[in-house]
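Hi,

Here's the structure I promised to pass on. Have a look at it first, and my notes follow below.

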Amino acid sequence: MQALARAFRFYIGSFSGFRREVWILAAVTFVNRAGTMVVPFLSLYLTHSMGFSLPQVGWVMSSFGLGSVVGSWLGGKLSDRFGFYEVMVGALLTSGMAFIGLQFVRGFWPFCASVFVLMLLSDGFRPALFVAIRGYSKPENRTRAVTLLRLAINLGFSLGPAIGGLIITHVSYEGLFWVDGISCFAAAGLMLVALVPKRSTAEEKAQAALAKGSPYRDRPYLFLLFSSILITIPFLQYFSTVPVFYSEVHRLSEFSIGLLLGANGLLIFLLEMPLIKYCEIKGFSRFSVLRFSVLLFALSFVVLNLFPVHAFLWVGIVLMTLGEMLNFPFMNRLALDRSDRGQPGAYMALFTISWSVAHIFGHTLGLNLIAHFGFTITWWCFTCMLAIGAGMLYLVERNMAREHAGTQKA
């Protein structure tokens with residue numbers, strides 16, 4: 001009983017130490033992501049209501065990804081010029097109007113163009129959010145602050161599709177667009193009412209004036225982004241091709257597949273924050289944690305090949321989830337710390353673009369590998385990709401250590 005009480009206190013304590021503004025950012029993120037209901041049902045809407053063919057749906061999703069890339073780049077650039085607060089509010093208000101307007105668009109090419117504009121407006125929010133966390137969180141709490149945002153995003157994405165299914169059943173697909181738009185307005189209103197814009201102090205302005213580094217010329221940072229893409233592409237398979245594997249190879253029902261994928265969200269909710277807190281207390285180096293997380297990702301694919309029984313599907317999802325909980329908060333933290341060298345908006349824009357690139361190519365790559373070579377070879381291919389990603393992380397660590405040694409000598 002005492003051990004359970006200690007564990008509960010540790011769990012609650014892992015959420016302590018944040019400034020009020022960080023909690024408000026988490027609330028804004030939750031409201032925004034819980035309202036994102038169109039995206040999970042977009043392919044169904046396009047085929048059932050719009051009558052698009054599957055190849056046309058593919059082009060719409062490509063427009064979705066391209067708009068995300070351009071929006072992330074623009075959001076970072078505008079954050080550096082006008083401030084993250086203005087960009088976040090502007091992105092929420094304009095994307096809210098775009099969501100509502102999307103239901104009135106008819107025709108294939110107009111819909112592609114509209115989805116591109118929607119994502120351009122919506123994903124300007126993402127790099128600005130990272131810059132906001134950088135500004136509002138204490139330096140020692142940056143990793144856990146990012147983890148708190150991830151928790152808000154996961155809870156929002158878990159709630160959104162469930163509500164979206166009810167809206168489709170009892171109202172219509174068009175109701176999703178209205179709720180998405182209104183949730184964006186609600187998130188913007190929460191920001192305007194509860195969050196005070198952070199103005200730079202004289203010391204921060206002086207430091208910013210000295211920090212002239214460009215992410216486009218920052219070789220260790222570019223290596224970090226490349227490693228992030230190589231790690232994220234295999235991770236994304238658990239939400240695209242691995243469910244197909246569950247169904248076609250192991251003959252699992254939709255309910256059983258839902259339980260497996262649902263375990264991912266439940267474990268993140270219960271364990272991610274205390275796990276990150278534990279790693280910080282133990283003083284594990286960030287690169288050691290990242291390398292271990294990549295090993296967990298790789299093992300999650302290995303068990304799918306070596307142990308073709310249902311029980312090891314649970315082992316695979318647990319290994320993948322533990323890897324996710326360790327990798328993404330510390331990868332985000334490295335990017336945030338690196339952004340201290342120059343314009344933070346530009347740095348975090350490139351970081352969010354790396355995620356968009358992984359989404360654009362990851363799902364298609366996995367499906368094509370399976371179509372041509374089958375599941376077993378595909379899982380080994382992604383294991384090899386993760387090994388290359390781990391090697392890239394080693395190069396990043398060496399380059400950053402060399403930089404640090406050079407700075408100390410100077």
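A quick definition to start: I count a contact when heavy atoms come within 4.5 Å. This is a predicted model, so to speak: local features need pLDDT of at least 70, side-chain atom pairs count only at pLDDT 80 or more, and totals for chains, interfaces and linings use all residues. Residues are numbered from 1 along each chain as its sequence is written, and side-chain values use heavy atoms, with hydrogens and water left out.

With that contact cut-off, Tyr 246 touches Tyr 238, Arg 251, Leu 252, Ile 257, Leu 260, Leu 313 and Ile 317, leaving aside residues up to four places away in sequence. Tyr 246 is also one of the residues, along with Leu 25, Met 88 and Trp 379, that touch the most other members of the largest nonpolar core, which has 93 residues. (A nonpolar core is a set of buried Ala, Val, Leu, Ile, Met, Phe, Trp, Tyr and Cys residues joined through side-chain atoms within 4.5 Å; buried means under 20% relative accessible area with a 1.4 Å probe, protein chains only.) Helix α15 (residues 311-338) gives the most to this core, 11 residues. Another core of 24 residues lies apart from it, with Leu 102, Phe 108, Cys 112 and Ile 168 among them.

As for the whole chain, 51% of its 410 residues are buried. I get 17 helices and 0 strands, taken as DSSP runs (H or I, at least four residues; E, at least two) and numbered from the N terminus. Of the contacts between residues at least 6 apart in sequence, 86% join residues at least 24 apart.

Cheers

How values were computed: Buried means under 20% relative accessible area, exposed over 50%, partly exposed in between (1.4 Å probe, protein chains only).
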